[in-house]
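Work through the exercises below with the sequence and the model open side by side. Each task is followed by a solution in steps.

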Amino acid sequence: MAPRRRLLTYGFIAVSVFLNLYFCYSALTSWPTPLDNYQPLNTHPIVDETALSVFKPPNSQDNAVVTGLYTDAFASAVATLGHTLNVANSSAARLLFYLPDKISKRALCIATVSGWEPIPIERIAPPFKGVGRHFLDQYSKLHLWTLDQRGYKSVLYIDADALVRRNFDELFRLPHTFGAVPDVYTTAQGYTTAFNAGVMFLRPDSELFNDMVAKIATARYPAEQAEQAFLNLYFGAEAVRLPYAYNANLAIKGRTPALWDALQDEMRIMHFTMAKPFLQGDYAEVPLNQLERNAEKVARKKSTYKREIVEWLEAWHETRRVYRSKIDRCDALRD
C-alpha cells in the first residue's frame, strides 16, 4: 500500500505543478484587456452633434448640477469646481448639498462664492459597521433622488474633487433614468463594469429614494465603499455606462497613460481620485493661503499626476482672482 500511496502522491504533485505552469503560461501569453492594450484607433467625437440637434435644447429650469460638502476641508474644492462649471457654461442650476451640523459658516461661504445654491440636507447614517471612514456621510448623497420635489427632472451629480473641462449639457437629453462611468483601479481589479459614483446622471424620483433608503440596511453588499457599493447593486443591471470622458478618473492615467492622453480633447470632467491638491495629511483642511504650497507638495509626492495637480491649482488661482473679495470676506468669518 505504501508504494501505491507514494505513487498517488507523486502523481498529484505532478498534476498540480503542470496546472500551475499552465495557468502561469496562459496569464503571461494571453492578450491584455482592450483598455490595458489601448491604441488610439477611433478618433471620432463621442457626441454626434448632428444627431443631437434634433432634440430640443435642455431647459435650464428642469436640470441641475449638484455637488456635496460634508466637511469644511472641501470648501475650496467646491468653489473651484463651481468656477470651472461656470467657464464651461452649463445651462443647469447649481445646487450644493451640505450637512448643517458639520459645515461652518466660513466654509459654506467659501464654497458658494462661485454660484452654488446651498441646500441643507439631513445626514443618512451608514446602516452598518465597516464603512470606510472617509465615506461615513456619503449615504446622504441619496437625497439627490428627492430633487423632483424642487421641480428638477434631471440631475448630474459631481464629486467636489473634480474639475469641469468642457460643457456636458448633452447628458440632460438622455432618456434613461440612471447613468455613470465604469470604475478604474490601478490595482489588479483594473477596468470594471461597476461604476464610480463620483459622477452620476439621474432622474429624481422621491418614491425611488424611499425604496432605496428602505433597502440599504437589508441588501447584501461590501460595506467599505458605502453608497457606491449599494448603488452598484441597486442600479447595476440598469445603469447606462457613460464614456470615460464624463468621469476621467486619475486612475486611468495611473493604469494606461496612452488612454489618458487620448481622452484629453473629449474630457468633460476630471476626477481627482488619486491625488487631492486641496487636502493635507489624512483629509485635513488646508488654509487658503497655503493651498499653492500644499498642491506643490502633493505634486512632488504624486508625481504621476503632477500635470493634473498643476491644472487644479491654476483653476484655483483663477477662482481666487475672480471671486477674491467674496473669498476674503468669507475667510474672515468665524462661527
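The model is predicted, so local features need pLDDT of at least 70 and side-chain atom pairs count only at pLDDT 80 or more, while totals for chains, interfaces and linings use all residues. Residues are numbered from 1 along each chain as its sequence is written, and side-chain values use heavy atoms, with hydrogens and water left out.

**Exercise 1. Find the buried residues of helix α9 and decide how they are arranged about its axis.**

Step 1. Helices (H or I, at least four residues) and strands (E, at least two) are DSSP runs, numbered from the N terminus. Helix α9 spans residues 291–301.

Step 2. Buried means under 20% relative accessible area, exposed over 50%, and partly exposed in between, with a 1.4 Å probe and protein chains only. In α9, Leu-291, Asn-294, Ala-295, Val-298 and Ala-299 are buried.

Step 3. Viewed down the axis of α9, these residues fall within an arc of 140 degrees, so they line one face of the helix. The arc is taken from the directions from the helix axis to the C-beta atoms.

Step 4. On the face turned away from the buried side of α9 are the exposed residues Arg-293, Lys-297, Arg-300 and Lys-301.

Step 5. The cover over the buried residues of α9 includes α3, β11 (279–280) and α10 (306–322). Contact here means heavy atoms within 4.5 Å.

**Exercise 2. Describe the largest pocket and name the element that gives the most to its lining.**

Step 1. On a 1 Å grid over the protein atoms alone, a pocket is an open set of points with protein on both sides within 12 Å along at least five of seven lines, whereas a cavity is a set where a 1.4 Å probe fits but cannot get out; lining residues have an atom within 4 Å of a point. Grid points are joined across faces, edges and corners, and a volume is the space filled by probe spheres set on the points.

Step 2. The largest pocket has a volume of about 1,400 Å³. Its lining has 45 residues, of which Phe-135, Asp-161, Thr-273, Lys-276 and Tyr-283 are the closest to the centre.

Step 3. Elements that supply at least two lining residues include β1 (63–69), α6 (226–235) and β11. Helix α9 gives the most, with four residues.

**Exercise 3. Locate the largest cavity.**

Step 1. The count comes to one cavity of 30 Å³ or more. The largest cavity has a volume of about 50 Å³.

Step 2. Its lining consists of Asp-72, Ala-73, Ala-75, Ser-76, Arg-106, Ile-110, Glu-285, Val-286 and Leu-288. Two or more of the lining residues come from each of α3 (75–88) and α4 (105–111).

**Exercise 4. Identify the residues with the most contacts to other members in the largest nonpolar core.**

Step 1. A nonpolar core is a set of buried Ala, Val, Leu, Ile, Met, Phe, Trp, Tyr and Cys residues joined through side-chain atoms within 4.5 Å.

Step 2. The largest core has 70 residues, and Leu-156, Ile-158 and Phe-168 touch the most other members. Helix α3 gives the most to this core, with seven residues.

Step 3. Apart from this core lies another, of 34 residues, among them Ala-64, Leu-99, Ile-124 and Leu-142.

**Exercise 5. Is Gln-138 buried or exposed?**

Step 1. Gln-138 sits in the loop between β3 (117–120) and β4 (154–158).

Step 2. Gln-138 has a relative accessible area of 15%, so this residue is buried.

Step 3. Leaving out residues up to four places away in sequence, Gln-138 touches Tyr-70 and Glu-227.
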